[in-house]
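Visitor: I would like to go through this structure with a few questions. Please show it first.

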Amino acid sequence: MLKPLRTLFRKAPAAPPPSTPSGTRFYAIGDIHGCDRLFNALIDAIETDDAEAQSADTTMILLGDLVDRGPGSAQVIARAREWGQQRKVRYLAGNHEEMFLDSFEDRDVLKHFLKHGGRETILSYGIGFDEYNQLDLDQLRDRLHTLVPQEDRDFVRSFEEIILAGDYAFVHAGIDPSRPLDEQSRKDMLWIRERFLSHSGAFEKVIVHGHTIFEEVENRPGRIGIDTGAFRFGRLTALVLEGETRRYIQARQGEDGEAIEIVKWG
């Protein structure tokens with residue numbers, strides 16, 4: 001009788017830690033928000049890191065919100081597209097990409113977009129301050145069509161909503177905890193916040209996300225938030241996943257606003 005009782009109360013073996021598929025390496029980059037200098041510095045650091053590591057099937061993932069707030073959205077889009085022509089790069093749509101694209105046709109969205117970093121995005125395409133200030137909302141919407149190249153709009157429109165890799169799922173904002181991964185809505189994946197962040201239960205996979213700014217990486221059992229406030233705190237972070245390991249590479253803007261430091265940990 002005692003032996004079955006001991007068996008009954010024995011602890012279940014611990015579940016293996018989450019991992020990526022064998023032979024793969026992933027670099028997931030948080031919200032860039034037009035901070036082109038940080039983005040360029042982080043790309044260089046990632047390329048060096050990948051070259052120094054063991055050979056692997058490497059994929060770069062941009063978690064969305066490439067545009068708005070920072071001074072170089074047009075430059076970030078150009079660099080991201082160029083990188084994808086040289087490397088395996090996958091791009092996730094963020095809520096700021098959605099606002100950017102909808103602004104070309106919807107006057108109300110354009111008005112909202114301008115209040116949340118859209119002004120900086122438009123200025124990054126080379127329009128002068130004097131011309132920008134002279135245009136009313138309808139004129140500005142018309143000007144967008146000639147200012148932003150069609151190839152940029154097509155590129156941003158091609159961004160994905162969710163990427164799965166082994167025990168991880170990559171998405172911009174998060175997921176609805178009440179729905180399985182294959183039933184998530186675009187709105188939630190691009191915009192959700194509190195319902196996702198406050199969820200204390202498990203998810204189907206570990207969710208790697210941006211959208212919500214944390215001064216430090218938010219590393220929770222079921223999710224990893226890596227939007228470390230590129231435009232607010234001067235920190236752009238990449239999460240490196242390989243097998244069961246996790247590492248971080250971060251480009252940090254110095255106090256002088258010019259020098260950029262690369263920091264690694266994990």
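Guide: A residue counts as buried when its relative accessible area is under 20%. Keep in mind that this is a predicted model.

Visitor: Which residues of H2 are buried?

Guide: Helix H2 covers residues 36-52. By that cut-off, the buried residues of H2 include Asp 36, Asp 49 and Asp 50.

Visitor: How many Å does H2 reach from its first C-alpha to its last?

Guide: H2 has 17 residues. At 1.5 Å a residue, 24 Å is expected. The reach in the model is close to that, at 24 Å.

Visitor: Is Val 89 buried or exposed?

Guide: Val 89 lies in strand S3, residues 89-91. Its relative accessible area is 11%. The cut-off is under 20%, so Val 89 is buried.

Visitor: Which residues does Val 89 touch, not counting those up to four places away in sequence?

Guide: Distance in sequence and distance in space are separate matters here: Val 89 and Thr 59 are 30 residues apart in sequence and 5.8 Å apart in space, C-alpha to C-alpha. As for touching, with residues up to four places away left out, Val 89 meets Met 60, Leu 62, Trp 83 and Gly 84.

Visitor: Is the crossing of H4 and H8 left-handed or right-handed?

Guide: The axes of H4 (residues 95-102) and H8 (residues 150-157) come within 10 Å and cross at roughly 140°. That angle makes H4 oblique to H8. The crossing is left-handed.

Visitor: Which residues make this contact?

Guide: H4 contributes Glu 97, Phe 100 and Leu 101. From H8 come Arg 153, Val 156 and Arg 157.

Notes
Residues are numbered from 1 along each chain as its sequence is written. This is a predicted model: local features need pLDDT of at least 70, side-chain atom pairs count only at pLDDT 80 or more; totals for chains, interfaces and linings use all residues. Side-chain values use heavy atoms; hydrogens and water are left out. Axes are lines fitted to C-alpha atoms, for helices over the stretch in contact, and angles run from 0 to 180 degrees between N-to-C directions. Helices (H or I, at least four residues) and strands (E, at least two) are DSSP runs, numbered from the N terminus. Angles under 35 degrees count as roughly parallel, over 145 as roughly antiparallel, 65 to 115 as roughly perpendicular and the rest as oblique. A crossing is left-handed if the near helix is turned anticlockwise from the far one by less than a right angle, and right-handed if clockwise. Contact means heavy atoms within 4.5 Å. The expected span of a helix is 1.5 Å times one less than its number of residues. Buried means under 20% relative accessible area, exposed over 50%, partly exposed in between (1.4 Å probe, protein chains only).
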